[in-house]
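Welcome! Please take a look at the structure below, and then read the notes that go with it.

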Amino acid sequence: MDEDRLGLDRIYVQAKRYAPGSAVGRPEIQGFVGSLVGLGASKGVFVTTSSFSKQAQDYASGLQQRIILIDGERLCDLMIEFDVGVRRYRSIEVKRIDEDFFSE
């Protein structure tokens, strides 16, 4: 995807749907980074419905390329924050006393 409207910089995305309890490991991240290097890219986002192993996280954090790891929990948080694939179920209105209304 293009990072800006002019398409001057690109961010590459890879998504994996893993079963709960199956973590994405370092080899998958290394493969993704290899693809980025082959494309001359410096930014990537790796998304999974599960989680990342400690080795995968450590590897990604020490790279020259900027790799963002988004696990299932963070993916859900982002979906809720940006209203993607969610539906408003119930809203709660909280009221408080307007003290100015009662002052002289």
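This is a predicted model: local features need pLDDT of at least 70, side-chain atom pairs count only at pLDDT 80 or more; totals for chains, interfaces and linings use all residues.

Residues are numbered from 1 along each chain as its sequence is written, and side-chain values use heavy atoms, with hydrogens and water left out.

**Salt bridges**

- Side chains of opposite charge can pair when their charged atoms come close.
- The structure holds four salt bridges (a salt bridge is a side-chain nitrogen of Lys or Arg within 4 Å of a carboxyl oxygen of Asp or Glu).
- One of them joins R10 to D2, with the closest N and O atoms 2.9 Å apart.
- R10 is partly exposed at 45% relative accessible area, and D2 is partly exposed at 40% (buried means under 20% relative accessible area, exposed over 50%, and partly exposed in between, with a 1.4 Å probe and protein chains only).
- E3 and K43 form a salt bridge too, at 2.7 Å from N to O.
- This pair links distant parts of the chain, 40 residues apart: E3 is in the segment before β1, and K43 is in strand β3 (residues 43-48) (helices, H or I with at least four residues, and strands, E with at least two, are DSSP runs numbered from the N terminus).
- E3, D9 and K43 are linked in a network of salt bridges.
- In helix α2 (residues 54-61), D58 and K54 sit four residues apart, about one turn of the helix, and their side chains meet in a salt bridge of 2.9 Å, N to O.
- D58 is partly exposed at 41%, whereas K54 is exposed at 55%.

**On the surface**

- I97, F101 and F102 make a nonpolar surface patch of about 420 Å² (patches are made of residues with over 30% relative accessible area and no salt bridge, joining like charges within 9 Å and nonpolar side chains, Val, Leu, Ile, Met, Phe, Trp and Tyr, within 5 Å; accessible areas come from the Shrake-Rupley method with a 1.4 Å probe, and for residues only the protein chains shown count as cover).
- F101 lies in helix α4 (residues 99-102) and is exposed, at 63% relative accessible area.
- D83 is found in the loop between α3 (72-81) and α4, and D83 has a positive phi of about 55° although it is not a glycine.

**The start of the chain**

- M1 lies in the segment before β1 (12-16) and is exposed, at 59%.
- Not counting residues up to four places away in sequence, M1 touches D9, R10, I11 and V13 (contact means heavy atoms within 4.5 Å).
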